Amino acid sequence: MIPALNEAPNLPTVVNSVPTSALRALGWETEVIVVDNASTDNTAAVAAALGATVVSQPERGYGNAYHAGFRAARGDVIATGDADCTYPFDSLPELLGTLTEADVEFMTTNRLRRENRAAMKRSHTVANYALSALSRALFRNGLRDSQSGMWIFRRYVWDGVDVKSTGMAFSQEIKNAATRAGYRYLEVPIEYRNRQGEVKLNALPDGLANLRQLFEHRFRRPGGERPARYERRHTPA
């Protein structure tokens with residue numbers, strides 16, 4: 001699933017990087033969903049021409065795009081990533097293999113490795129480290145990269161969490177909601193690549209919104225985060 005706001009130039013590279021043939025050979029039937037988040041370019045038309053399922057979300061916001069996309073998703077496993085060429089969709093066979101072999105329900109990814117530093121502005125790196133450290137302190141789930149936009153999880157996990165964010169804070173909230181609810185989880189390293197096209201992140205307002213959301217979520221009255229299939233808690237490797 002790929003949320004997209006005015007990403008028409010990037011979509012051919014991103015959609016074609018999904019290794020559908022390799023996944024099919026491994027037994028995974030794949031549907032590529034592009035959520036058009038009120039684009040003013042031809043994002044929807046390009047996505048459709050590439051064979052993707054297009055979901056329209058006229059209310060802008062990163063979280064709004066995912067709320068619409070997850071309502072439309074039909075698969076048993078959902079994998080996510082941005083439309084800006086930064087996430088390694090070509091690694092999905094290996095990532096899905098890890099999900100299966102490790103027997104986890106929610107898997108997130110860590111971009112904050114030395115090898116990836118050139119792909120992220122220094123100010124964004126510092127902000128990511130700071131938000132991730134605070135998130136670990138509040139939720140005690142050990143995740144090193146609370147802001148990563150690539151997750152792979154069992155479809156029923158979404159049914160068992162109550163994620164409210166409509167903006168960029170959606171990324172940290174879904175991780176903290178899934179781990180807090182008791183789903184088996186894992187964080188794995190990935191290659192993070194240079195962003196192509198216009199940057200959509202508004203660093204200061206988005207950072208402050210994420211900071212506020214962390215505290216609101218941590219002290220939210222419990223009740224909305226209950227696993228649809230609870231088994232045992234998993235500590236991330």
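The model is a predicted one, so local features need pLDDT of at least 70 and side-chain atom pairs count only at pLDDT 80 or more, while totals for chains, interfaces and linings use all residues. Residues are numbered from 1 along each chain as its sequence is written, and side-chain values use heavy atoms, with hydrogens and water left out.

Salt bridges come first. With a salt bridge taken as a side-chain nitrogen of Lys or Arg within 4 Å of a carboxyl oxygen of Asp or Glu, the count is 14. One of them pairs arginine 195 with glutamate 7, whose closest N and O atoms sit 2.8 Å apart. That pair links distant parts of the chain, 188 residues apart: arginine 195 is in the loop between β7 and α9, and glutamate 7 is in the loop between β1 and α1. (Helices, H or I and at least four residues, and strands, E and at least two, are DSSP runs numbered from the N terminus.) Glutamate 7 counts as buried at 6% relative accessibility, whereas arginine 195, at 23%, is partly exposed; buried means under 20% relative accessible area, exposed over 50%, and partly exposed in between, with a 1.4 Å probe and protein chains only. Glu7 and Arg195 also belong to a salt-bridge network with Asp84.

Aspartate 145 and arginine 111 form another salt bridge, at 2.7 Å from N to O. Aspartate 145 lies in the loop between α6 and β6 and arginine 111 in the loop between β5 and α6, so the pair ties together parts 34 residues apart in sequence. Both residues are buried.

Now for the covered elements. In α8 (residues 170-181), 11 of the 12 residues are buried, so the helix is largely enclosed by the rest of the structure. Among the buried ones are Phe170, Glu173, Ile174 and Lys175. Glycine 182, with a positive phi near 100 degrees, follows α8. Strand β7 (residues 185-189) is mostly covered too, with four of its five residues buried. It runs parallel to β5 (residues 106-110), and five bridges join the two; DSSP must find at least two bridges for strands to pair.

Leucine 211 is found in helix α9 (residues 203-218) and counts as partly exposed at 34% relative accessibility.
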